[in-house]
Amino acid sequence: MARSKATLCIWLGCPGLLGCFLLGFLAGWFTKPTEKNPNFSDVCQNVRHKLVAEMKAENIKQFLRSFTKLPHLAGTEQNLLLAKQIQGQWKEFGLDSAELVHYDVLLSYPNEKQPNYISVIDDQGNEIFNTSLFEPHPQGYENVTGVLPPYNAFSPQGVPEADLIYVNYGRTEDYFKLEREMGINCTGKIVIARYGKIFRGNKVKNAMLAGAQGIILYSDPADYWAPGVDAYPDGWNLPGEGAQRGNVLNLNGAGDPLTPGYPAKEYMFRYKVNEGVGIPKIPVHPIGYHDAEVLLRAMGGPAAPDSSWKGSLNVSYNIGPGFADDSSTRKVRMHVHTNNKITRIYNVIGILRGAVEPDRYIILGGHRDSWVFGGIDPTTGAAVLQEVVRSFGKMKMEGWRPKRTIIFASWDAEEFGLLGSTEWAEENARVLQERAVAYINTDSSIEGNYTLRVDCTPLLYKLVYNLTKEILSPDEGYENKSLYESWLEKDPATENNSYPRINKLGSGSDFEAYFQRLGIASGRVRYTKNRKADKFSNYPVYHTVYETFELVEKFYDPTFKKQLTIAQLRGKLVYELADSQVIPFDCRDYGEALKGYSNRIYELAKKHEEQLKTYKVSFDPLFSAVVDFSKAAAEFHKRLEQVDKKDPVAVRIMNDQLMFIERAFTDPLGLPGRKFYRHVIFAPSSHNKYAGESFPGIYDAMFDIESKADQHGAWEEVKRQISIAAFTVQAAAGTLKEVA
């Protein structure tokens, strides 16, 4: 009974105690100095700051060291182990999920029992010179196993014998020079081309079209040697025995050659291996410049037509066909025994679920597979991806979530034709078309150490410019200046030097399926060479055994600050796209870009002024559509400024219009002869997969048009392509109009 009375007294006393507490609290609250209540903007700024501050150069260095210890070619056990390592770390970092997703695709490997090489043979068929069978291992890697010799993936097998012809870079214009001006026919010959200028697969395609029996590729010091720098390991230049590996497919966006357009899963119909899409019909093999010098020194025939055909070897660069003087009876024999086989590959897909719009996706993806150690390509990108994931994961573990879902991807088999990323895009195409906001690529974070390089959709221009103004430049001599400032000073845009250069997206990396096929706004950023001063093509040891951790640590980025800067920029891009209330795209920049592209294609057409009149070719519909798009974009952004940010439906409507604008530039029928390239404004060049071309349908229709037999038919196709472009731009403008 006493206990009950005590309990009753406590209950009766509570209101009094509570009242006293509230009075004291309110008195304290109103007498304390006023503090700004953190608003939404402050919270966002804090998360963004913490996200970037969390990223550390030392972590990127350790990830790079860990990932490059052993070769990890697609389809090998080591690359699967690396996938599992990355998957496990992503789970530890706090992602909601991290799964392995497999596909069974066509890959290509050298025959271990029958090595690939090139011979010079005498008139009795005796091999009097053979090229190297492998690259000498770099220091510290002498005992590493699993290093495959240099080869060109997907080369057919063959042992052709023929006279040799030097074809410079093997570009379309090089064959025009040989055939049309010099009267040299490559039919039945073996050609030798130097790497550089264009994608190697285009070189092989051009050799096939010229009738060659085979093609040898080599890296000339003119394109893979920087003056005043030693060869690796004493410098970062290419040793004479180094040979660039790489695939020689012409897939045009098809993905796995045996399941073009569809995911390479167990249930999918497959073409026969010899029926695969884009596989060349002639043998291909890469060699180092020491071996190439032996072949080129013996060449006969006319001299190189001009200095642009001469490299830096101590040879005359005669064209051929065949060898000179005492060697005139000798020929070249290729030995290529590469095998193509269906092999399982694994992507790692990590998800950080969005809190507000989980059905809107931002994808940050880059490949993991490499030809050997992958010191630069791709692992400077894979290491950056790992640190970005770790930073996002830490924010999530501390209670934050992005508004929209972020998908992180470690792609497999990029080196074999962008296979892992394309297969995943094919399997998830319906979902991605409905839900994907943007794709940011995270391939190599450095290909040089001079300045920033950006390739992206015009929708991202303003975001990239704004974010680079927030990041400190890592460049020497630019201390306390922004990345934007060093980038602008070192690489201003040609058409408007008050802004830094931004390039068009071509191909050659994993954004291809997302941008060129699905129409998802895409971009890529990395550090690059001095475009004006550095005449070498790419970085010299590209795709060789000499791409090691030490190459990066000693020569390219000893402090790892350049890679940290790229991690910060990629991370900020993903954060802004995933967490901004309004998607940070600007359609007005697309309008300006379209104006420039339409003027450029018209200037090209004006070189045929007489034909434009004769065949009644007019660009007016395209110009009119571009004007309409610019007007629609301006009006859209005015409405966007006035939208009620507290009305989630109103914001969602505007965001959907922003998300789908890139999609509006795609044509479901694709480009002529390239049905998986569906973007009407941008496509990889038909003559160089690496380069981006604007209004590609019109450009290709006009290419070399003067040599076409049916001039009327050729100009009718130009008119058709102009009409498709005009319709597409006009239709895109319609998607920006106010929703009824």
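Where does Asn252 lie? The points below take this up, along with the cavities, a pocket, the core and the backbone of this predicted model.

1. **Asn252.** Asn252 lies in the loop between strand 9 (246-247) and strand 10. Its phi is positive, about 50 degrees, although Asn252 is not a glycine. Asn252 counts as partly exposed because its relative accessibility is 24%.

2. **His543.** Here too phi is positive in a residue other than glycine, with a value near 60 degrees for His543. The residue sits in the loop between strand 17 (521-528) and helix 15 (549-556). Is His543 buried or exposed? His543 counts as buried, because its relative accessibility is 3% and the cut-off for buried is under 20%. Most residues other than glycine have a negative phi.

3. **Cis peptide bonds.** Gly320 and Pro321 are joined by a cis peptide bond, with omega about 5 degrees. Pro321 belongs to the loop between helix 8 (289-297) and strand 11 (331-335). The bond from Asp377 to Pro378 is also cis, with omega near 5 degrees. Pro378 is in the loop between strand 13 (357-367) and helix 9 (379-397). Most peptide bonds are trans.

4. **Largest cavity.** The structure has five cavities of 30 Å³ or more. The largest holds about 100 Å³ of space. It is lined by 15 residues, and Ser132, Pro150, Ala243, Pro286 and Ile287 are the closest to its centre. Strand 10 (residues 284-287) gives the largest share of the lining, three residues. By class, the lining has seven nonpolar, five polar and three charged residues.

5. **Second largest cavity.** This one holds about 40 Å³. Its lining includes Tyr450, Thr451, Lys490 and Asp491. Thr528, Lys529, Asn530, Arg531 and Lys532 line it as well. The classes are one nonpolar, three polar and five charged.

6. **Second largest pocket.** About 520 Å³ of space lies here. Of its 30 lining residues, Lys205, Asn206, Leu209, Ser686 and His687 are the closest to the centre. Several elements each supply at least two lining residues, among them helix 6 (200-209), strand 18 (682-685) and helix 22 (711-735). The lining divides into 13 nonpolar, eleven polar and six charged residues.

7. **Nonpolar core.** Which residues touch the most other members of the largest nonpolar core? Phe408, Phe416, Leu622 and Phe629 do, in a core of 213 residues. Leaving aside neighbours within four places in sequence, Phe416 is in contact with residues including Leu73, Leu107, Tyr151, Phe154, Leu249 and Trp371. Ser108 and Asn247 are also among its contacts. In soluble globular proteins, nonpolar side chains tend to be buried together.

Methods:
Residues are numbered from 1 along each chain as its sequence is written. This is a predicted model: local features need pLDDT of at least 70, side-chain atom pairs count only at pLDDT 80 or more; totals for chains, interfaces and linings use all residues. Side-chain values use heavy atoms; hydrogens and water are left out. On a 1 Å grid over the protein atoms alone, a cavity is a set of points where a 1.4 Å probe fits but cannot get out, and a pocket is an open set with protein on both sides within 12 Å along at least five of seven lines; lining residues have an atom within 4 Å of a point. Grid points are joined across faces, edges and corners, and a volume is the space filled by probe spheres set on the points. Helices (H or I, at least four residues) and strands (E, at least two) are DSSP runs, numbered from the N terminus. Ala, Val, Leu, Ile, Met, Phe, Trp, Tyr, Cys and Pro count as nonpolar, Asp, Glu, Lys and Arg as charged, and the others, Gly among them, as polar. A nonpolar core is a set of buried Ala, Val, Leu, Ile, Met, Phe, Trp, Tyr and Cys residues joined through side-chain atoms within 4.5 Å. Buried means under 20% relative accessible area, exposed over 50%, partly exposed in between (1.4 Å probe, protein chains only). Contact means heavy atoms within 4.5 Å.
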